[in-house]
Every structure is written in C-alpha cells, then in structure tokens.
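Let's take a walk through a protein model together. Keep the picture handy and follow along as we go.

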Amino acid sequence: MVKRDDGALAALRVRTDPYPGDGQLAFEWWIPKKRARSLAGARTGQGRAMGKKAPSPWRPQSGWTEYEYPLNFEGFRAHLRFVGPLHLLIRLDGKTGVALPGARDPKLVQLKGARAPRFLSRAPKAWLRVEGDLQTYLFRLLPGCSPLRLKPGERKSFAHFESVQVKLRLQRGPGALPLVLVHLLEPGEAGLLPEHLPLLRRFLGVLLPGVTFRLLIMGGEAPALEGNRFFGPGGWAPPTPEQVEILRREFSEES
C-alpha cells in the first residue's frame, strides 16, 4: 500500500504473468473511497511497467538479474525492485508512505482501527544501526566468530561471506514491527550458548528502545533458509512450523 502527501491511499498487487524477472511487470491497484474502513468496494484498475536493470545489485552473486520498476498510476507512485524468485523490494524514498498489510485478498485489508497497516516513508534511524552494530557485538561475544579482513570498498561485495550475517525486515501485517534474523554460517564453531540469548535481546533492546521485535537465530548454509537449524533455549533444532511460515512470508526470495 502507498499513501500520498494528501493522505489518499492506494493498494497494489503484482501479477505473476508476465514474470517480473523477465523485465516486465503487471499490477492491479485499488483506491478506496474517502473515510472507507476497508478496501471493499474500492475503485480498481490495472497497470504495466517496463523494468530497468539495477546498476548495483541488492543481492550480489545471486545469479538473478535485478530489475527496478517505477510505478505511476492515478496520481500515486511506488518503486519496486525484483531481486529473486517471487520477491520484490519496496524502496522507501522518504516521501511516499508505504505499508505491508500482509493480506492475500485486498478486501480483507482494514484501513482504520487496531489492525490498520502502519505507513513508513523511511526506516527509523535506530533501525539502520541494527545490522552493523549487532554483527559487531556478535563478533565480540562469540569466540568462534570473526570478521573478514576486507577493505572498506570490498565489504559491500563480500559481506555475505561473513561468519555472522544480520538482516532486518519489516514484518508484513498490522504494526509493521521489525524482524531480526541472525545467521551463523558455521554454528558448530561459533560457540553460541543459551545464556547468550538474554544478552542478545538486551543489546537489541538498546538498539531498538521501546520497540517490540522478533529475533530468529539461524545456523547452516542451506540455500533455502528453512533447511537450516534454529537456536533456542534448548539449543539447535530444525525450524518449527511457525518459523517456517515466518521465513516463507518475510524472506520469500530465500525460502
């Protein structure tokens, strides 16, 4: 969903035909009536956009050509990027408010009340510190983890080979709360213990003061995230059905 400066709302749904990975994108849109409580009965239409190859890939060496799609329709705009199978990123440009309702059927989206989606035009400044600061903290906390010796200009291209990787995603659905995924490529060597969990949560609480967040700790190198193991109070274990659902929803390009 997107919001204009005047407060008007619109919802988007990308179609799978044509496939966005082939350089073309088709989408449906809904524009609700003023003061409507849901998208039911909204004015609707369709649009298309041609993709432009991204000059700097978001996922280096993934094997996929990334395309940028600027969408303009009925006075609204949104900027999407195809980064892999079944996954599109939405760029926060500091101007256009964006929300992720997490609903498959637009008619189920509630525009008012407790379940109304939260719109953001840019990530809060505190969120921008999470990936780098938490990774540095883990390098110091875990005896089996250390950073790669990279020059500053090389880090962007090779950071995905680090023994510790941290990703932050905005969860779909009401509230738009952050999901923090810690990935240990060599969990058996990292030295992670159950007593480290409260330390990690306490540190995240400093980085994200007053914010409710979800923390997942994953170990392994399986291409699909759900093929790895996850850490909890009892140690490493296969993902629970709830964790698999979260991974498929929030990291669809890697699940």
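Two parts count as being in contact when heavy atoms lie within 4.5 Å. Helices (H or I, at least four residues) and strands (E, at least two) are DSSP runs, numbered from the N terminus. This is a predicted model, where local features need pLDDT of at least 70 and side-chain atom pairs count only at pLDDT 80 or more, while totals for chains, interfaces and linings use all residues. Residues are numbered from 1 along each chain as its sequence is written, and side-chain values use heavy atoms, leaving out hydrogens and water.

Start at helix 6 (residues 241-250), whose buried residues (under 20% relative accessible area; exposed is over 50%, partly exposed in between, with a 1.4 Å probe and protein chains only) are Q243, V244, I246, L247 and E250. Down the helix axis these fall within an arc of 160° (taken from the directions from the axis to the C-beta atoms), so they line one face. On the other side, P241 and R248 are exposed. The buried residues pack against strand 8 (87-90), strand 10 (164-170), strand 11 (178-184), strand 12 (214-219) and strand 13 (229-232).

Now look for rings. The structure holds eight aromatic pairs: rings of Phe, Tyr and Trp (its six-membered ring) pair if their centres lie within 6.5 Å, with planes under 30 degrees apart called stacked, over 60 edge-to-face and the rest tilted. Y19 and F82 have ring centres 5.6 Å apart and planes at 80°, so this pair is edge-to-face. Y19 sits in the loop between strand 2 (9-14) and strand 3 (24-31) and F82 in strand 7 (residues 76-84), so the pair ties together parts 63 residues apart in sequence. F82 is buried, at 1% relative accessible area.
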